[in-house]
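Have the sequence and the 3D view at hand as you read.

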Amino acid sequence: MVVSDNTKGLILAVLSSTFIGSSFIVKKKGLKRAALFGTSAGVGGYTYLLEPLWWAGMVMMIVGEVANFVAYVFAPAVLVTPLGALSIIISAILAHFSLNERLQKMGVLGCVSCIVGSVVIVIHAPQEQTPNSIEEIWKLATQPAFLIYVAATLSIVLALVLHFEPHYGQTNVLVNLGICSLMGSLTVVSIKAIGIAIKLTLEGVSQVAYPQTWFFLTVATVSVITQLNYLNKALDTFNTSIVSPIYYVMFTTLTIAANAIMFKDWSGQDVGSIASEICGFITVLSGTVILHATREEEEQSTGPGEAPIYSTYLCYFSYNQH
């Protein structure tokens with residue numbers, strides 16, 4: 001039986017979400033343990049690098065990212081990226097049992113919404129036309145529309161890093177996660193380009209000699225390092241069940257936008273399929289919002305002595321936002 005590229009991408013995306021969702025919990029435990037013996041990551045410390053538990057979570061995340069990397073080679077971003085919602089469900093369930101971050105009935109509804117939305121997206125996902133060389137990908141990357149997106153992304157990231165993160169990084173979860181998500185959208189398009197280059201090379205059409213291949217590799221490396229640094233800060237400062245859904249929503253939205261601009265994922269699809277995918281995506285986003293709101297409600301109802309320090313920061317931020 002011949003397995004379609006979309007099916008391969010789907011299986012890899014599910015495995016990726018399982019590893020990444022679990023890694024959030026393991027890394028959070030490592031960060032909390034490391035903070036007991038040194039400066040926490042939230043205020044610029046790097047004690048967690050000596051913590052074995054954090055490294056275990058890091059290995060799990062790397063395995064998940066590798067699976068995700070390969071998934072993008074076989075399937076379009078509009079299929080692979082939204083399936084990251086499964087990592088939210090996994091991290092929420094594990095946090096319920098291992099971090100005492102309770103998952104309420106509305107939280108379960110949020111998880112179900114994420115699953116339903118993901119299924120709709122999988123059913124209507126487009127079959128992708130893979131470029132035949134790294135030079136074709138480079139032409140897509142240098143089209144005016146995508147260059148404008150890249151310029152806007154880098155400008156916002158610089159503003160967040162140089163001005164907003166030093167002043168608001170400890171009280172506003174969107175600052176660090178904004179940096180992660182914006183850089184993440186560039187990571188995905190670069191990794192997709194690298195993956196296609198590797199696939200073509202393994203098929204006998206070497207792409208190693210092209211400078212564009214190494215350019216995409218450099219961009220992916222810088223973006224991944226930046227993502228990990230600011231994701232650690234967000235995880236160490238805010239509640240896991242808040243970081244996971246917000247990061248997912250921002251990352252997914254920006255990644256789909258970047259891929260739609262560069263790779264033209266929806267080109268050739270009928271209006272009905274595109275509308276169904278958008279509805280599925282909105283359903284997934286609604287699920288993450290429900291998870292977010294449920295966690296806020298729980299934290300606001302706990303007594304001052306019961307809420308953890310990370311929850312206190314989030315309640316303060318949410319109160320000022322509303």
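Predicted model: local features only at pLDDT ≥ 70, side-chain atom pairs only at ≥ 80, totals over all residues.

Helices (H or I, at least four residues) and strands (E, at least two) are DSSP runs, numbered from the N terminus.

Residues are numbered from 1 along each chain as its sequence is written, and side-chain values use heavy atoms, with hydrogens and water left out.

The protein chain has 12 helices and zero strands. Of its 322 residues, 51% are buried, meaning under 20% relative accessible area, with exposed over 50% and partly exposed in between (1.4 Å probe, protein chains only). Contact means heavy atoms within 4.5 Å. Among contacts in the protein chain with a separation of 6 or more, 83% are between residues 24 or more positions apart.

Now to the interior. A nonpolar core is a set of buried Ala, Val, Leu, Ile, Met, Phe, Trp, Tyr and Cys residues joined through side-chain atoms within 4.5 Å. The largest one here has 37 residues, and Phe24, Leu177, Leu231, Val243 and Tyr247 have the most contacts inside it. Helix 8 provides the largest share of this core, seven residues. Take Leu231: neighbours within four places in sequence aside, its contacts are Phe24, Met61, Leu177, Cys180, Val243 and Tyr247. A second, separate core has 18 residues, including Phe146 and Leu200.

Next, look at one helix pair. Helix 1 and helix 2 pack at an angle of about 160°, with their axes 7 Å apart; axes are lines fitted to C-alpha atoms, for helices over the stretch in contact, and angles run from 0 to 180 degrees between N-to-C directions. The two helices are therefore roughly antiparallel to each other (angles under 35 degrees count as roughly parallel, over 145 as roughly antiparallel, 65 to 115 as roughly perpendicular and the rest as oblique).

Is Leu83 buried or exposed? Leu83 is buried, with a relative accessible area of 4%. Leu83 and Val14 are 69 residues apart in sequence, yet 6.9 Å apart in space, C-alpha to C-alpha.
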